[in-house]
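The following paragraphs lead the reader through the structure shown below. They begin with the interface between two chains and then turn to individual residues.

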There are 2 protein chains.
Amino acid sequence: MTTPATPGPTVGELGEHAVIDVITRAAPSALNGDDAAVLFHASPNSRAVATTDTLVEGRHFRHDWSTPEEIGQKAVLQNFADIEAMGARAIACLLAISTPTSMPVSFFARLAAGIDSRVKQYSAELVGGDVTSGNQLVITVTALGSLGGSLPSLNLDRARPDQRLVAHGRLGWSAAGWALLECFGRAGVPAQFEPLVRAHCAPELTPGRGVVARATGASAMTDNSDGLIVDAGTIARRSGVAIDLDRDAIAPDALLVEAGDLLGVDPWHWVLSGGEDHTLLATTAYDPPSGFRTIGAVQRGAGVTLDGVEPAYQEGWVSF
Amino acid sequence: MTTPATPGPTVGELGEHAVIDVITRAAPSALNGDDAAVLFHASPNSRAVATTDTLVEGRHFRHDWSTPEEIGQKAVLQNFADIEAMGARAIACLLAISTPTSMPVSFFARLAAGIDSRVKQYSAELVGGDVTSGNQLVITVTALGSLGGSLPSLNLDRARPDQRLVAHGRLGWSAAGWALLECFGRAGVPAQFEPLVRAHCAPELTPGRGVVARATGASAMTDNSDGLIVDAGTIARRSGVAIDLDRDAIAPDALLVEAGDLLGVDPWHWVLSGGEDHTLLATTAYDPPSGFRTIGAVQRGAGVTLDGVEPAYQEGWVSF
C-alpha cells in the first residue's frame with residue numbers, strides 16, 4: 001500500500017465529520033445534507049438511470065501514481081460513462097467512503113475537488129454520501145442519470161446484423177498509460193507520454209455523446225471498460241450477432257507505437273485488450289453520430305474478428 | 001475480525017463473477033445486467049430521492065452476531081429508512097461490495113437473499129451493483145425512491161413551534177440488543193430478549209409510514225440512526241426550535257427494563273442515546289399520523305429537554 005502525499009491532521013485525529021465537512025465545502029450542493037437527496041423534477045416521460053462502481057486503493061488506484069483530484073475524477077467518470085452508455089444524461093452522484101483513520105483529511109478535500117470538477121463538466125452534482133472508517137480506502141460512487149423521451153435505452157442486446165460499429169474516444173491509451181506507470185512510476189514517465197498517463201489516471205468522456213447516439217438512431221451501446229474485444233464480445237453475445245473490427249480504423253496511433261517501442265510491447269495488445277478508456281462503442285444502421293467514427297461491422301454469426309480473422313489478443317484488461 | 005459460518009469455495013477460488021451470479025440469482029431483476037439500470041417511468045410531478053450507506057465488517061456488523069441474511073436486511077433497511085424519512089417511497093437499490101478473496105461465495109448468496117426479502121417487503125428491486133476485491137468486507141447500498149406529487153419533502157429544517165413530535169417505531173431496542181450481544185454473544189442471549197437482538201441485527205420499519213406522514217401534514221422528519229437526543233437535536237438545531245420530550249411517552253418498556261436489570265444498565269441510556277432503531281421522528285401540527293404516537297412538543301428556543309429538564313444521557317450511539 002502507498003500513502004498519499006497530502007499533509008496535515010488525519011481522519012483519526014479530526015473525526016469522520018471533518019471529512020464530510022471538507023467534501024461538502026469542495027463539492028457543495030443544496031440537495032445534500034438531509035436524510036436523502038431530492039433530485040430535480042423529472043421531465044415528462046423521463047426515466048431515472050442508476051449505476052455504481054467502486055475504486056479500491058492498491059487495486060484500482062495508487063497514491064504514488066494518481067493525485068487525489070485524479071482519483072475523484074476517475075471515480076465519477078467511470079460511473080458517468082455507464083450512464084452515457086445507456087444514452088442517458090448524468091445528473092447526480094453519491095459518494096460512499098470507507099477510510100483508514102490514518103488518512104490525512106486534506107486528501108478528501110482534494111478528492112472532492114476532483115469529483116466537483118468532473119460533475120460540473122457534466123452539469124451534475126454530488127448530492128449525498130457516507131463516510132465510515134475501515135482498514136483500506138474504498139471509494140464507491142453511485143451515478144444517477146435521466147433518460148428523456150420515449151426512445152428505448154441503448155442496451156447490450158440490441159445490435160443487429162448490417163449495422164456498423166462506431167466509437168467515440170481513444171482505444172488503448174489507458175492501458176499504455178498503466179504500462180508506462182508500472183515501468184517508470186509517475187515522475188519517471190517521459191513527458192511526451194503524459195496524455196497516456198492522464199488517460200489512465202483521469203479518463204475523459206465528452207458529456208452528451210451517448211445522448212446524441214441515442215437521438216440519431218444507435219440501438220446498442222457500451223463503454224470499453226474491460227477491453228475492446230471483451231466489450232464488443234459482450235454486445236455480440238448478448239445480441240446474438242458477430243462483430244468484425246476494421247484493422248485500419250483501430251490501428252495504434254503514433255503515440256501508442258512510440259510507447260510500444262520504448263517498452264517492447266506490441267501496441268495492438270493495448271488497443272484490443274486494454275480497458276478503462278471509457279470509449280463509447282455503439283451500433284447503428286446510419287452514419288456515425290457526431291463525434292463517432294466507424295470501426296467495424298455487425299454481421300450474422302457469433303464472436304469478434306479483426307478483418308475477418310481471430311484477433312491476436314482477446315483477453316480482458318486486469319489492472320494490478 | 002470474525003469469519004462467516006458459511007461453507008464452500010471462496011471468492012478467490014471462484015472469482016468475482018461467481019459472486020455476481022449468486023447475487024443476481026438470489027435477487028433477480030430484469031432491470032439489472034446492462035451498463036446501468038433504467039428505472040420505471042416517473043409518475044407526473046414526481047422527483048427521485050437518493051441516499052447511500054456503508055456497512056463495514058467489524059465496525060457495523062460481526063459475523064458471529066449476525067447471519068448473512070440479517071446483514072443484507074440491515075444494509076437495505078438503513079437506506080430505505082432514509083428514503084422514508086423524506087416522505088418518499090423506496091423503489092430500488094444498488095449494491096457495491098468490496099470483499100476479501102477468502103470469503104465463501106455462499107455468504108453472498110445468503111446476503112442477497114436477505115437483501116431480496118427486504119426489498120420485496122418494500123415492493124422494490126435490487127437493480128445493479130459492483131463486486132471487487134479488498135482487504136475487508138465493505139457493503140455499500142444506495143437506495144432510490146420516488147417522491148410523488150407537489151408537497152415538499154420532509155426535511156430536517158421544517159419543524160415549527162407548537163407542533164407535536166411524533167414517532168413510529170421502538171426506541172432503544174437496537175442499543176439494548178447490542179449490549180446483550182456484547183455481553184453474551186448471539187448464542188448466549190436469553191431467549192426472551194431475542195426481539196432486542198433482532199432489532200439490532202435486522203431492524204424493521206413498516207413500509208409507507210413516511211409517505212403517510214407527508215400526506216397527513218407532517219413537515220419535518222428523520223429516523224433515529226444516531227440516538228433520540230442527537231437526532232431530535234439535529235431537527236431542533238436545523239429548524240431553529242426547541243424540542244421537549246415527554247418522559248411518560250418514551251419510558252423504557254418492560255423488556256428494556258428487564259434487560260437493564262440483567263446487565264446493570266439504566267435502560268434510559270438506550271432510549272435516549274441508542275441509535276440504529278430507524279424509528280421515524282416527525283413533527284406535525286395535526287393528530288399523529290396512523291402508526292405514530294406523540295412523544296414530545298416543538299417549542300420556541302433551542303436544544304432538547306425531557307419534561308423541561310436536561311436529559312441524563314445526551315451523547316449519540318457509536319457501535320463498536
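Across the interface of chain B and chain A, 25 residue pairs are in polar contact, both partners being at pLDDT 80 or more; a polar contact is a pair of N or O atoms within 3.5 Å, where within protein one must be able to donate a hydrogen and the other to accept it, and residues adjacent in sequence count only if both atoms are side-chain atoms. The side of chain B that touches chain A draws two or more residues from each of strand 1 (37-41), strand 2 (47-56), helix 3 (68-84), strand 3 (89-99), strand 4 (125-133), strand 5 (138-147) and strand 7 (218-223) of chain B. Strand 2 of chain B gives the largest share of that side, nine residues. Helices (H or I, at least four residues) and strands (E, at least two) are DSSP runs, numbered from the N terminus. By class, the side of chain B that touches chain A has 22 nonpolar, 20 polar and 10 charged residues; Ala, Val, Leu, Ile, Met, Phe, Trp, Tyr, Cys and Pro count as nonpolar, Asp, Glu, Lys and Arg as charged, and the others, Gly among them, as polar.

The model is predicted: local features need pLDDT of at least 70, side-chain atom pairs count only at pLDDT 80 or more, and totals for chains, interfaces and linings use all residues. Residues are numbered from 1 along each chain as its sequence is written, chains are lettered from A and ligands numbered from 1 in the order in which they are written, and side-chain values use heavy atoms, with hydrogens and water left out.

The contact takes 52 residues from chain B and 52 residues from chain A, contact meaning heavy atoms within 4.5 Å. About 4000 Å² is buried between chain B and chain A, and carbon and sulfur atoms give 53% of this area; buried area is the accessible area (1.4 Å probe) that two parts lose on being put together, summed over both. Two salt bridges are counted between the two chains, a salt bridge being a side-chain nitrogen of Lys or Arg within 4 Å of a carboxyl oxygen of Asp or Glu. The side chains of B:Arg59 and A:Glu16 meet in a salt bridge at 3.4 Å, N to O.

Annotated positions come next. An unreviewed UniProt entry lists A:Asp35, A:Thr51 and A:Asp82 under "binding site". These positions span 48 residues in sequence and their farthest two C-alpha atoms are 26.2 Å apart, so they do not all gather at one spot. UniProt positions are given in the numbering used here, feature names are shortened, and annotations may be inferred rather than shown by experiment. A:Thr51, in strand 2 (residues 47-56) of chain A, counts as buried at 5% relative accessibility; buried means under 20% relative accessible area, exposed over 50%, and partly exposed in between (1.4 Å probe, protein chains only). Beyond its neighbours within four places in sequence, A:Thr51 is in contact with residues of both chains, including A:Asp82, B:Asp35, B:Ala36 and B:Leu94. A:Asp82 lies in helix 3 (residues 68-84) of chain A and is likewise buried, at 8%. With neighbours within four places again left aside, A:Asp82 is in contact with A:Thr51, A:Asp53, A:Asp223, B:Asp35 and B:Ala36.

The unreviewed UniProt entry also gives A:Gly129, A:Asp130 and A:Ser225 for "binding site". These are spread over 97 residues of sequence and also in space, up to 26.0 Å between C-alpha atoms. A:Gly129 is partly exposed at 43% relative accessibility, whereas A:Asp130 is buried at 16%. Not counting residues up to four places away in sequence, A:Gly129 touches A:Leu94, A:Leu95 and B:Thr52.

A:Ser219, in strand 7 (residues 218-223) of chain A, is buried at 17%. The side chain of A:Ser219 reaches the backbone oxygen of A:Arg158 at 2.6 Å and makes a polar contact with the side chain of A:Gln163 at 2.8 Å. In chain B, B:Glu70 is placed in helix 3 and is buried at 3% relative accessibility. The side chain of B:Glu70 reaches the backbone nitrogen of B:Thr67 at 3.0 Å. B:Glu70 and B:Ala202 are 132 residues apart in sequence, yet 5.0 Å apart in space, C-alpha to C-alpha.
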